[in-house]
Amino acid sequence: MKITKESTGALTALLKIEISQADYAATVEKQIADYKRKANIPGFRPGHIPTGLIKKMYGRAILADEVNKLISDSLVSYIRDEKIDILGNPLPNMEKNSVIDFENQDEFEFYFDLGLTPEFTIPLSSDLGIEQHIIKVDDTMVEKYIEDTRKRFGTPVVTEEAAEETPAGDETEAKEDDKKEPAVTPAEMNADFFNMVYPGLDLQTEEDFREQVRKDAAMSFAAETDKLLFNDITDALVKNTELPLPDEFLKRWLVENNEGKYTPEEIEKNYASFAESMKWQLIENKLIKENGIEVKDEDIRNYIRTYMLRQINMTDLDPEMAQRYESIVDTFMQNKEQVQRINDQLYNAKLMDFFRTSVILTPKEISYDDYIALAAARHGHDHDHDHPHDHDHDHDHDHDHDHDHKH
């Protein structure tokens, strides 16, 4: 077998695979022998069917299967061994490939087009004009939280109205009284209350308590603003990274890879969105590989454990109970869709941690109402960076020719 590669453009190449009789003869003969031993043909005893008849009946199909297998295996091996970083899959070159006659040919030539991944540099050190929105926790928010919390930790009391005796036998009125909410005496603003709300912080003054409430609210808002920040960073990196693509090849690949789901016209219409997603995928893969970002099985298991323990409010488990929960974790890990979703979340979280130290961010304080309006406006224009290139849970670093984002 002989494979040669020819450049056909800045980001495309042509592979030529030449297969001779010596490449497949032994395997084909073995397959024919197996057919002869197993075939059940009326008029012949099993294992005594003439070889010539087997070849006539099955030889063409056996040869075709073996040649196709040789093509598939040799493509994968060649691309891996030559360390060719491709986009999508190799596509048959229909102009150069001729009709194959397995009945009369014993040597074959096949041609495949490749789309190549470009070399590029990610402008992490540049000021990309990314604003990090920080929701301002105003006094109204703090007062509302304190008011609700004082009621929650307060002392229920029986009001004068509720204490009035219900006339004997008046069950209807008694039932109505049962539905009334009891009055609450709000908890006093003292150190005991402060440390019931925030145990272990030893808060002594109202000023300390209010400051902790403000910090707590800011932290809860940060999780929300991080989602918008992540999208802003990815958009900026895609926009500012010089990253050409083999567009015509990718349009062909999209048509063939979707097996008739989309027409060439539909692909053309939506190609800009796809190209943007492909660029982010390439940037993301490069960031993950070059910075050693990794999500392991144990990371996912820990995420599941933390979620379960938080739901049942238990932090210390005896050995027997711990084993039961490990069995539940094992069951969760069998759900591939769920594991993939957690895997993606953890990758995004690790990327976000990386961005905090590697991307120039300009803090900008914003009111909660203004932030909600901004997020709603952005949502209308956002493209989903995840659906075409989800993180594959098998995150090895070998190239995946289906380009499902394996690391």
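# Briefing on a predicted protein model

The secondary structure of this protein consists of 13 helices and eight strands, where helices (H or I, at least four residues) and strands (E, at least two) are DSSP runs numbered from the N terminus. The model is predicted: local features need pLDDT of at least 70 and side-chain atom pairs count only at pLDDT 80 or more, while totals for chains, interfaces and linings use all residues. Residues are numbered from 1 along each chain as its sequence is written, and side-chain values use heavy atoms, with hydrogens and water left out.

**Overall build**

- Of the 407 residues, 36% count as buried; buried means under 20% relative accessible area, exposed means over 50%, and partly exposed lies in between (1.4 Å probe, protein chains only).
- The protein exposes about 25600 Å², and carbon and sulfur atoms supply 49% of that area. Accessible areas come from the Shrake-Rupley method with a 1.4 Å probe; for residues, only the protein chains shown count as cover.
- Among contacts between residues at least 6 apart in sequence, 74% join residues at least 24 apart; a contact means heavy atoms within 4.5 Å.

- Two packed helices are described by the angle between their axes and the distance between the axes. The axes are lines fitted to C-alpha atoms, for helices over the stretch in contact, and the angles run from 0 to 180 degrees between N-to-C directions.
- Helix α3 (residues 139–152) packs against helix α7 (residues 206–240) at an angle of about 105°, and their axes are 10 Å apart. This makes α3 roughly perpendicular to α7; angles under 35 degrees count as roughly parallel, over 145 as roughly antiparallel, 65 to 115 as roughly perpendicular and the rest as oblique.
- On the α3 side of this contact are Asp139, Met141, Val142, Glu143, Tyr145 and Ile146, which meet Phe209, Arg210, Val213, Arg214, Asp216 and Phe221 in α7.
- The residues of the contact of α3 with α7 divide into seven nonpolar, no polar and five charged. Here Ala, Val, Leu, Ile, Met, Phe, Trp, Tyr, Cys and Pro count as nonpolar, Asp, Glu, Lys and Arg as charged, and the others, Gly among them, as polar.
- Helix α7 also packs with α9, at an angle of about 100° and with axes 9 Å apart. That angle makes α7 roughly perpendicular to α9.
- Phe230, Thr234, Leu237 and Val238 in α7 meet Glu276, Lys279, Trp280, Ile283 and Leu287 in α9. The residues of this contact comprise six nonpolar, one polar and two charged.

**Salt bridges**

- Side chains of opposite charge can pair when their charged atoms come close. A salt bridge is defined as a side-chain nitrogen of Lys or Arg within 4 Å of a carboxyl oxygen of Asp or Glu, and a search of the whole structure finds 25 of them.
- One of these joins the side chains of Asp73 and Lys69 (3.0 Å, N to O). The two residues are separated by about one helical turn because they are four residues apart in helix α2 (residues 51–81). Asp73 is partly exposed, with a relative accessible area of 38%, and Lys69 is partly exposed at 49%.
- Lys286 forms a salt bridge with Glu290, with the closest N and O atoms 3.0 Å apart. Lys286 and Glu290 are four residues apart in helix α9 (residues 264–290), so about one helical turn separates them. Glu290 is exposed, with a relative accessible area of 56%.
- Glu326 and Arg301 also meet through their side chains in a salt bridge (3.1 Å, N to O). Glu326 lies in helix α11 (residues 319–333) and Arg301 in helix α10 (residues 297–312), so the pair ties together parts that are 25 residues apart in sequence.
- Glu326 is partly exposed, with a relative accessible area of 22%, whereas Arg301 is buried at 15%. Salt bridges that share partners join Glu298, Arg301, Arg305, Glu326 and Asp330 into one network.

**Loop residues with positive phi**

- Lys83 has a positive phi of about 55° although it is not a glycine. Lys83 lies in the loop between α2 and β3 (86–92) and is exposed, with a relative accessible area of 74%.
- Asp202 is not a glycine either, and has a positive phi of about 55°. Asp202 is found in the loop between α6 (191–197) and α7, and counts as exposed at 55% relative accessibility.
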